[in-house]
Amino acid sequence: MAPSQAGYAPSLDKLLKSLKNHPLEASIDALIFLLTRRQVHGDDCAIATAHILLQVVARSKWNDVDQLLARVQKAGSRLVHAAPDEPVIGNIVRRVLGLIRDEASEERNADDLSESASDIQTLTTSSSPPPRPPPLVRSTTAGGSMLVSKSMFNLLSVADPADLPTGASTPVSQAQPASIQALRSEVIDGIEEIMDEISQADDQIASFAEIQINPGDYVLVYRPSKTVEKFLVKAASKRRFTVFIAGLEPHKKQGAEAPYAALRKKLNAAGVNTVNLASNGLTAYMARVSKVVISAKAVYQNGGLLVDSGSCIAVQAAEAYSKPVIVLCGVYKFCPQDPSEELSSGGVKGNSSAEVSYAEGAEVDELEVENTVTDYVRPEHVDIYLTNLGPQTLHHFAGILADHYKPEEMLLSLQLGEA
Amino acid sequence: MSGKQGAKGGAAAGKPKKTAKPGAQEKREDVLQAVILADYFQDRFKPFSLEKPRCLLPIANVPAIEYTLEFLAANGVQEVFIYCGAHSEAIETYVHDSQRYSSRSIINPFSSIEFIRVSDATSVGDFLRDLDKRGLIGGDFILVHGDLVANIELDGVLAKHRARREANRDACMTMVLLQVPQEHGALKSRVITPEFIIEPSTGRCLQYEERHPLQSDHYTVLDPALFKYPEFEIREDLIDCGIDICTPEVLALWSESFDYELPRKNFLHGVLKDWELNGKLIYTEIMETGYAVRANSLAMYECVSRDVLGRWTFPYVPETNFVHGMSYKRVRDGSRLEDGVSISGEAKVTGSVIGRSTEVGAGATISRSVIGSRCKIGKNVRIENSYIWDDTVIGDDSWVIRSILAESVEIGKDCRIPEGSLISYKVRIGDGQLLPPNPAPRLSLLQHDGSLAETDSSIVGQGGAGALYEGPIEEDDDESEDGNGTDPAALQNSLIFSLAHLNLSASSISTLASHDEFDSDDEESESRLLRPDSSGASRSRLSSFASDDSAVASSLDAFHSDAVHGLVDALRADDSVDFDSAKLEFMGLRLANNASDSSMRRAIAVAFVRRSSELLSAENGGLEPTKAAEEAFTSKRGAVKFIKEVGVGGDDTSRQSEFALSLQKALLAVKGLEATRAGALLAAMLQQLYNLDVLEEEGILAWWGDKRAAENDSLTKIKEKCRVLVEWLENADEEESDEGDSD
């Protein structure tokens with residue numbers, strides 16, 4: 001009889017809690033349906049993807065690296081398709097794939113250079129039994145130069161670790177299970193690191209707040225996300241400035257709190273004034289604004305941004321007044337690909353009733369309502385990309401992407417991003 | 001029923017439940033259960049529902065039940081019970097074969113899906129009473145219909161419902177309603193207007209009525225008790241999406257009322273009306289955002305389909321591919337295409353949804369339509385606002401405007417399918433056929449009883465197959481108990497496809513679909529004439545019932561016909577001379593229907609009049625009126641006493657005169673009895689009753705003086721025949737008084 005439960009509707013929390021009790025496929029599908037229904041969206045997608053891929057690595061049956069890569073990629077591409085407006089899912093899938101390849105190649109090295117076992121101990125965090133190489137099915141004549149073309153032809157099976165430039169030719173090894181176990185735990189550790197990175201990204205970004213915000217600034221934010229909120233609160237602890245909150249929801253639900261009340265309370269407590277701007281009034285204030293802070297859903301390799309719909313207005317207004325635009329985005333949001341045509345030319349269409357209520361009346365019958373969920377911001381409108389690694393500019397992109405993705409996964413973009 | 005409950009008192013009403021499941025309720029409290037009603041005992045979707053159940057009809061290429069199941073899954077329902085009636089195998093096969101919902105599937109969001117068939121069910125009420133018997137329900141559950149498309153979140157509603165139940169155990173049900181303005185399309189498409197009378201501060205529903213444009217009185221009668229509340233709202237702007245959050249007590253209420261058939265018209269109305277007896281409170285939850293509409297008629301089917309196209313039902317729209325195996329993608333011009341669709345370069349497709357592997361020929365124009373999988377659309381075809389199901393072929397240069405074409409329909413070249421057409425499965429239409437636009441054609445291979453119809457080549461043309469579909473006109477009268485009783489006029493008009501009439505005036509909208517429960521009993525008007533009786537209130541044995549208003553007319557009519565049948569049968573019976581069992585049955589009926597005194601009086605009068613007039617006729621011996629009256633009243637032991645106690649109900653003059661008036665009016669309604677003979681019979685009956693001490697002379701004289709007895713010519717004619725009797729009575733009276741004087 002206790003009315004204690006928060007609710008019956010499935011959510012990410014419930015899914016994560018129940019991961020252990022459900023078969024793997026069920027968990028993957030549960031997340032897919034959460035994504036389809038948009039019960040998981042925004043920044044939660046990244047962490048959810050990481051959790052599910054962790055399960056794939058830990059619980060699915062695989063005998064060699066190829067199989068593991070295929071499993072991860074299959075699960076990953078299903079997740080990507082479930083939410084085409086969340087490119088960050090694809091990023092995590094790529095990161096995990098890259099991680100598996102890395103670990104596999106390290107193991108190869110370890111096996112080759114068995115004398116340098118101590119090095120490996122330092123490289124790998126786990127104290128697993130001496131790693132063994134995965135089985136080699138194919139001959140290992142392919143050199144590094146062959147790699148790219150090969151992966152383009154046959155994406156699912158590129159991952160023969162022997163093909164990697166670092167791997168010299170080695171005999172097929174005998175004892176599999178131990179090495180599989182080792183690789184498994186290595187990869188799991190790696191995914192946990194990615195999860196840590198995701199969860200810490202906001203705090204790390206916020207730690208740069210006092211550098212970016214000067215006393216007396218007028219900062220405009222558009223529908224602040226959690227990332228932006230943390231950033232502002234952190235800045236408020238050090239600086240005195242004024243925040244304009246723009247892009248309030250067109251109609252708010254009855255009985256709900258005033259928009260962003262919690263944020264405003266926190267900021268006011270720290271002595272920072274906040275001003276709510278009605279939906280499109282922000283351009284009038286732009287002359288007064290000293291900088292615009294938005295957060296991105298994803299950053300493409302050309303520097304363009306995928307943002308929640310509406311932020312585009314703030315960015316363009318800032319451009320017109322030559323005000324700097326600071327984009328907050330964790331490195332995990334950097335996509336090694338260019339935006340798909342659909343996303344850059346109008347975006348995914350969402351629930352029509354988010355903008356016009358179904359109850360609005362007769363005109364609903366005749367009206368074609370298109371509610372774009374995302375906006376695309378062109379790279380020239382952005383001044384600073386503030387990541388968890390610090391402020392970056394477009395010039396650093398190639399380096400950041402190269403640090404985080406392997407060339408094989410960059411090419412995967414075609415498969416993951418489309419269809 | 002109500003009598004028994006009344007004896008127990010409101011507070012004790014919840015008691016029997018406690019013994020049933022104290023443990024189960026605790027244990028299963030956190031498992032959310034839902035019941036899907038997948039049969040409606042209606043004909044609205046015929047001829048399509050002849051071959052497929054309503055909940056498998058595709059809405060934007062997805063069977064309706066997928067939307068319902070997805071809605072339940074999205075709200076965290078764990079256990080689902082599906083009640084099937086017609087086509088239950090089809091529904092079971094569909095769910096069992098579905099990748100997602102089959103019992104073997106590990107990705108099934110529900111821990112169990114159970115199908116329940118009730119072989120002898122004739123209404124939704126039978127389903128729910130069956131559910132109560134099974135004891136499957138542990139705690140609160142969600143009751144929905146299999147044709148629901150919704151994307152609302154129920155968590156908040158469930159929490160509120162639980163809080164109310166905590167505060168008051170009698171808060172047994174919460175209805176989810178959607179608020180839209182009057183002129184909204186979804187409201188225009190409905191035939192029956194539900195009226196919720198709500199206490200705005202709490203959301204409690206105080207009274208429920210239904211209106212439809214065919215009813216004779218265009219008003220709602222408010223319960224006088226309502227005016228005790230500080231404020232109430234009468235809402236007609238609500239879409240009733242049929243989502244109810246119920247406690248197990250709701251099922252108990254259904255079981256207590258064996259004659260409730262429909263969840264709203266009967267159950268909700270009845271429970272609210274009797275709330276002083278049962279003490280149950282029913283609340284409403286009015287949603288201002290979100291989408292929840294039932295595709296419960298063809299007009300609503302169109303409305304829901306359009307809303308899916310317009311993404312109001314997001315995320316349950318084709319492009320999110322929310323059902324396993326879907327592969328829709330958005331293309332330019334707002335269309336959604338599935339894999340393998342080939343559209344010729346010159347074709348123009350706007351705002352439509354097209355299923356897998358469909359081919360569209362050059363020069364075709366398709367706008368705001370849904371086209372199923374594997375269809376072949378020829379060259380220069382024009383399709384507007386139409387819903388075309390799988391495997392349909394449309395020949396070159398044909399036009400299809402605002403119609404529904406079921407699976408595997410073949411339309412020849414250069415045909416015209418006018419607005420509002422309904423073309424059922426596998427119908428073939430030959431080349432160059434122009435279907436008549438008015439009335440909009442309904443074509444089917446089958447007749448309403450499922451037998452093959454003879455092909456009518458004047459309609460479907462050379463090489464065609466199919467005929468105009470005719471509804472089951474005669475059967476309907478017999479089915480009036482199922483809630484299907486339809487005004488014959490409405491039935492004829494309902495053959496016209498409702499879509500075509502959306503733009504007509506309000507009065508013709510009424511003729512769109514078959515009505516749930518419109519009972520065109522000939523005697524209905526009569527019942528209304530009789531109802532406002534002065535004596536009823538003073539001797540009402542059910543004083544807690546506020547009043548009998550016209551809205552309960554249909555239940556009274558049911559009572560009337562049942563009661564008359566019962567009585568006449570008892571009077572006819574040759575094998576028994578005892579009237580007691582008939583009396584018992586009559587009293588039972590009366591309690592069950594909460595019949596008023598006036599309706600009882602009317603029923604008794606009609607029964608005896610019918611019996612006596614029967615005796616007059618040649619095949620029953622052709623008795624003289626006097627003999628017939630005597631036979632009718634005295635052949636059965638106890639009949640006279642019954643009339644005196646129940647029919648008249650006392651020695652009061654006004655009641656006696658009312659009874660005489662009822663007899664007179666009943667005689668008027670007897671078919672094939674000319675007025676003079678009717679008058680003779682009335683005189684004979686009155687005299688008989690006088691002799692039997694049922695009526696006294698004051699009563700008869702009061703009737704004689706009553707204006708209502710001479711309201712029109714035929715009444716007067718009957719009355720005139722009694723003049724002799726009355727004069728004789730007056731004389732007797734005088735004599736008596738003379739005697740009295742002389743004493």
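Strands β24 (residues 382-384) and β27 (residues 399-401) of chain B pair in the parallel sense over three bridges. Strands are DSSP runs of E with at least two residues, helices are DSSP runs of H or I with at least four residues, and both are numbered from the N terminus. Two strands count as paired if DSSP finds at least two bridges between them. In this pairing, B:Glu384 stands opposite B:Ile401 of β27(B).

The two strands belong to an open sheet of five strands in chain B, with the order β18-β21-β24-β27-β30 and parallel pairing. Its edge strands are β18 (348-350) and β30 (416-417) of chain B, each of which pairs on one side only.

## Basis of the model

The model is predicted: local features need pLDDT of at least 70, side-chain atom pairs count only at pLDDT 80 or more, and totals for chains, interfaces and linings use all residues. Residues are numbered from 1 along each chain as its sequence is written, while chains are lettered from A and ligands numbered from 1 in the order in which they are written.

## Chain B as a whole

Chain B contains 28 helices and 34 strands. Of its 743 residues, 51% are buried. A residue is buried if 20 or more other C-beta atoms, placed from the backbone, lie within 10 Å of its own C-beta atom; it is exposed if there are 12 or fewer, and partly exposed in between.

Two residues are in contact if their C-beta atoms, placed from the backbone, lie within 7 Å. Among contacts in chain B between residues at least 6 apart in sequence, 61% join residues at least 24 apart.

## An enclosed strand and a covered helix

Strand β8 (residues 171-179) of chain B has eight of its nine residues buried, so the strand is largely enclosed by the rest of the structure. It pairs in the parallel sense with β13 (residues 281-287) of chain B over seven bridges, and B:Thr174 stands opposite B:Tyr283 in β13(B). Seven bridges also join β8(B) to the antiparallel strand β12 (residues 238-246) of chain B, where B:Ile243 stands opposite B:Val176.

Helix α4 (residues 64-74) of chain B is mostly covered, with eleven of its eleven residues buried. Among these buried residues are B:Tyr67, B:Leu69 and B:Phe71. Their cover includes β1 (33-37), β4 (79-84) and β6 (141-145) of chain B. Just after α4(B), B:Gly76 takes a positive phi of about 75 degrees.

## Nonpolar cores

A nonpolar core is a set of buried Ala, Val, Leu, Ile, Met, Phe, Trp, Tyr and Cys residues joined through C-beta atoms within 7 Å. The largest has 145 residues, of which B:Ala34, B:Ile282 and B:Ala292 touch the most other members. This core draws at least three residues from each of domain 1 (2-298) and domain 2 (327-441) of chain B, with domain bounds taken from an automatic or database domain assignment. Apart from this core lies another, of 97 residues, including A:Leu31 and A:Phe231.

Residues touched by B:Ile282 include B:Cys172, B:Met173 and B:Leu268, not counting residues up to four places away in sequence.

## Two individual residues

B:Gly432 is located in the loop between β32 (428-429) and β33 (442-444) of chain B. This residue is partly exposed because 15 other C-beta atoms lie within 10 Å. B:Gly432 and B:Lys413 are 19 residues apart in sequence and 5.9 Å apart in space, C-alpha to C-alpha.

B:Ala558, in helix α19 (residues 553-572) of chain B, counts as buried because it has 21 C-beta neighbours inside 10 Å.
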